[in-house]
Amino acid sequence: NENCSEPIISINKPKFCPTCNGKNLTQDPDVLDTWFSSWLWPFATLGWPNKTPDLQKFYPTQDLVTGPDIIFFWVARMIMAGKYFCNEIPFSNVYFTGIIRDSKGQKMSKSLGNSPDPLDLFEKYGADAVRVSILMIAPQGLDILFSEEQLEQGRNFMNKLWNSARFIMMNLDENIPMDFDEINLDDLDETDHWILSRLHRTINDVDDAYSKYKINEAIKRIYDFAWKDFCDWYIEFAKTRLYENDKEDRIIVQSVSIHVLRNILKLLHPYCPFITEEIWSHFKTKEEEMLINSSWPMANSNKIQNGIEENIQMLMEVISSVRNIRSSLNISPGKEANLIIRGEKSIFKTLSLNKIYLQKLARLDEISMGIDEDKPPQSATAVIRGLELFVPLAGLIDINIEIQRLDKQIQDMKGRLSSVNNKLKNKKFIDRAPENVIDHERNKQKKYEIDLAKLEKNMEALQI
């Protein structure tokens, strides 16, 4: 109202001025949309329009991380404002994160009430676990279908990391150097060279993933190395040496374990700042500060040894195969089995050098290898990379009882498979059932076929 100096703030246009009752109301023409301050943000926060040191140093920058739903509202406007006011676009790369959606595919929002409170998730799973879990299920360029159960993967990973660090701490002798440079590389075991090769390959792969903005691939690569290579295998290899009487070898395996763990903590720190910082406090040198102040690990291509990785991979596959035989045939963990290996002589060298690991990790007594080894009667069989593995079963299990047990399971599995086959052959079922129900039955069919084949193979081993 031109006759009244008091402004009116209202969502809806009022019919008269509440101060002077005037009716000639004019909307203020100098109004900007809610994104105005946001699209000035890249330079307005740095002291613009003055040419401040911050503006000169940080404008333009390299990377902007945002969601694809505000490309026009924010990203495009920042570029236009940057060109107009500063004659340069504010960033050279834009990384679009996926949109987190609920199990129905709806975008999570406060208005829909379909978004869990992050603080509740942090309380239940831990902040580090939530962050890692979200990154694990967020492939580049794709939206995320979220369910709370997915956070268990991150929690389990954090527990695995913590327990492995705790195991190493519990088995450390006094005055073990935290600085790996003091170790003579010529004294290392083949498994030591293997884990170091895997470490440097992992660092190289992670750096490559970062350079391509593939954050999901980076965290998965670290996850696989930390969980499978280090926790599941190297620590198991290390146990056989930690519990032996060779003091010098014990020191070596402790030092290698510390070195690899320290580098895992560095790789994980951007995602898991809390747990990695806590573990780091127990494995840092006296001169080192907090982990966040440490340098990023550097890959050394000379440490990557393809031949050793192949050798140890074969060793792990042989151990896994024997373990699977023991598990599938209910062989007691307390009983040591014998192993006969038939195959090319050139492959035996690695297995012979690492015979102690075969015996300890696969619970074996005698191991014989040769190109003309005969298959013993009533023995379980596996084939690994051209090698035939035979585990004689006599004395390990009661053959007759095991045959009866397997026969019962085979008949039960045949019945289940027959039932699902009949259902999938029924045209009325296929025509009327929802697609997800049909997919479920087909998955059951595949599972039953695989399980039946395993049972029949075990039965065959017992009868020959």
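**Exercise 1.** In which strand is Ser379 found, and is Ser379 buried or exposed?

*Solution.* This is a predicted model, in which local features need pLDDT of at least 70 and side-chain atom pairs count only at pLDDT 80 or more, while totals for chains, interfaces and linings use all residues. Residues are numbered from 1 along each chain as its sequence is written, and side-chain values use heavy atoms, with hydrogens and water left out. Step one places Ser379 in strand E7, residues 379–384, where strands (E, at least two residues) and helices (H or I, at least four) are DSSP runs numbered from the N terminus. Step two takes the relative accessibility of Ser379, which is 1%, so that Ser379 counts as buried (buried means under 20% relative accessible area, exposed over 50%, partly exposed in between, with a 1.4 Å probe and protein chains only).

**Exercise 2.** Locate Arg198 and find the side chain with which its own side chain makes a polar contact.

*Solution.* Arg198 lies in helix H8, residues 190–211, and is buried because its relative accessible area is 17%. The side chain of Arg198 makes a polar contact, at 3.1 Å, with the side chain of Asp229 (a pair of N or O atoms within 3.5 Å; within protein, one must be able to donate a hydrogen and the other to accept it, and residues adjacent in sequence count only if both atoms are side-chain atoms).

**Exercise 3.** Classify the exposure of Gln56 and of Asp246.

*Solution.* Gln56, which lies in helix H3, residues 53–58, has a relative accessible area of 60% and is therefore exposed. Asp246, found in the loop between helix H9 (215–242) and helix H10 (247–268), has 43% and is therefore partly exposed.
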